Amino acid sequence: MTLAVRYTCARTLDTAPATPSTPGPGEVELAPAYVGICGTDLHIFHGDMDARVAAPAVLGHEMSGRVVRVGPEVEGWQPGDAVTVMPLRWDDTCPVCRAGHQHVCQHLDFIGIDSPGAMQQRWTVPAKTLVRLPDGLPLDRAALVEPTAVAVHDVRRAEVAEGEKVVVVGGGPVGILIALVARAAGAEVRVVELSAHRRLLAEELGLTAWNPAAADVPALVTQWTGDAGADVAFEVSGAAGGVNTAVDVLGVRGRLCLVAIHPRPREVNLHRFFWRELTLVGARLYDLSDFEKAVALVAAGTIPADRLISKVVPLTQAPAAFEALEGGGDVMKILVDCTDDAQGAAV
């Protein structure tokens with residue numbers, strides 16, 4: 001018997017027996033090892049995505065694991081291979097795909113939202129979604145490759161260059177990862193975050209963090225940049241105040257990269273966009289090159305994944321982990337251990 005964590009209705013998850021599907025042509029069966037819980041998973045848990053998510057739904061898309069079985073017509077993979085999954089399935093026929101932007105396909109299947117995800121002991125996926133993990137990379141750390149790929153894509157979309165001054169508004173998991181990736185690209189980085197716990201973690205990782213409740217952030221940026229303003233700002237908070245801060249810190253021809261998913265339209269100071277010739281860039285998901293770079297950053301320790309993991313729980317305790325994450329500020333990343341051994345110890 002295998003187990004899966006399922007979303008059944010708003011604020012309700014269960015752990016239920018699941019029957020693995022035999023991998024068909026072009027598919028592989030995986031044994032997920034660790035699955036991270038992200039902000040999108042919390043939105044699903046709260047019932048905010050019921051129009052999109054068909055319950056009961058197996059959640060999870062930040063994962064690491066190993067190949068168990070290989071279906072027909074699959075080459076290059078064998079049982080035991082360590083992998084993560086780029087959880088995107090596109091149609092290759094829509095105008096967006098034909099233009100080369102498959103990761104934002106008009107009919108995108110985001111695996112773990114639109115179709116069953118990784119929070120289960122066996123998971124069958126298309127072989128083309130697999131990304132190989134290097135030998136020696138611990139699988140718990142590898143579960144952070146997917147959110148790191150998000151950060152890599154964001155930094156690439158914003159065209160962050162060496163020596164530029166970057167402000168990251170929002171110091172949650174993705175915000176910290178953006179700051180670390182931008183720093184690896186040679187930028188000078190400041191993180192703006194209300195949570196004292198998250199600011200402390202940022203400082204421990206060698207980043208400078210500011211509390212917007214206790215300081216005038218635009219004034220700090222003016223002082224830091226010699227009145228030039230920041231070159232790039234990332235809005236990762238999802239709050240109206242975060243949008244204002246991200247716009248206000250930018251200098252002439254600065255770039256604002258919108259990362260957070262805002263639940264409603266926001267007022268934006270368009271006069272400042274006009275006056276300073278600012279640019280707004282959207283950033284959504286990632287492509288294979290972003291994933292491959294993320295693997296390299298995590299494997300090299302440039303992304304200290306172990307420092308971002310707050311807790312690891314067995315699959316049977318995943319419902320309680322979702323509730324723990326709702327508190328937000330004192331937790332960064334919780335991983336669900338899906339291995340057979342972990343469940344045996346927990347039951």
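The model is a predicted one, and every value below was computed from it. Its largest nonpolar core has 100 residues, and a second, separate core has 16 residues. The structure also holds one cavity of 30 Å³ or more.

**Nonpolar cores**

- Within the largest nonpolar core of 100 residues, those with the most contacts inside it are Leu30, Leu130, Val160, Phe234 and Tyr286.
- Helix 5, which covers residues 173–184, gives the most to this core, contributing seven residues.
- Val160, one of the residues with the most contacts inside the largest core, touches Val155, Val166, Ala182, Ala187, Val232, Phe234 and Arg255, when residues up to four places away in sequence are not counted.
- The second core, which is separate and has 16 residues, includes Val167, Trp210, Val221 and Phe273.

**Strand 14 and its partners**

- Strand 14 spans residues 230–235, and because five of its six residues are buried, this strand is largely enclosed by the rest of the structure.
- Strand 11 (residues 165–169) pairs with strand 14 in the parallel sense over four bridges, and Val167 stands opposite Ala233 in strand 14.
- Strand 15 (residues 250–258) also pairs with strand 14 in the parallel sense, here over five bridges, and the bridge partner of Ala230 in strand 15 is Leu250.

- An open sheet is built from three strands in the order 2-1-4, and their pairing is antiparallel.
- The edge strands of this sheet are strand 2 (12–18) and strand 4 (57–58), each of which pairs on one side only.
- Strand 1, made of residues 2–9, pairs with strand 2 in the antiparallel sense over seven bridges, and Cys9 has Thr12 in strand 2 as its bridge partner.

**A buried serine**

- Ser64 lies in strand 5, which runs over residues 62–70, and it counts as buried because its relative accessibility is 0%, where buried means under 20%.
- Leaving aside residues up to four places away in sequence, Ser64 touches Pro32, Ala33, Tyr34, Val83, Leu133, Leu139, Ala142 and Ala143.

**The cavity**

- Rolling a probe the size of a water molecule over the atoms shows where empty space is left.
- The largest cavity contains about 30 Å³ of space, and its lining is formed by Leu144, Pro147, Pro173, Leu177, Leu308 and Lys333.
- Sorted by class, this lining has five nonpolar residues, no polar residues and one charged residue.

Notes. Residues are numbered from 1 along each chain as its sequence is written. This is a predicted model: local features need pLDDT of at least 70, side-chain atom pairs count only at pLDDT 80 or more; totals for chains, interfaces and linings use all residues. Side-chain values use heavy atoms; hydrogens and water are left out. On a 1 Å grid over the protein atoms alone, a cavity is a set of points where a 1.4 Å probe fits but cannot get out, and a pocket is an open set with protein on both sides within 12 Å along at least five of seven lines; lining residues have an atom within 4 Å of a point. Grid points are joined across faces, edges and corners, and a volume is the space filled by probe spheres set on the points. Ala, Val, Leu, Ile, Met, Phe, Trp, Tyr, Cys and Pro count as nonpolar, Asp, Glu, Lys and Arg as charged, and the others, Gly among them, as polar. Two strands pair if DSSP finds at least two bridges between them. Helices (H or I, at least four residues) and strands (E, at least two) are DSSP runs, numbered from the N terminus. A nonpolar core is a set of buried Ala, Val, Leu, Ile, Met, Phe, Trp, Tyr and Cys residues joined through side-chain atoms within 4.5 Å. Buried means under 20% relative accessible area, exposed over 50%, partly exposed in between (1.4 Å probe, protein chains only). Contact means heavy atoms within 4.5 Å.
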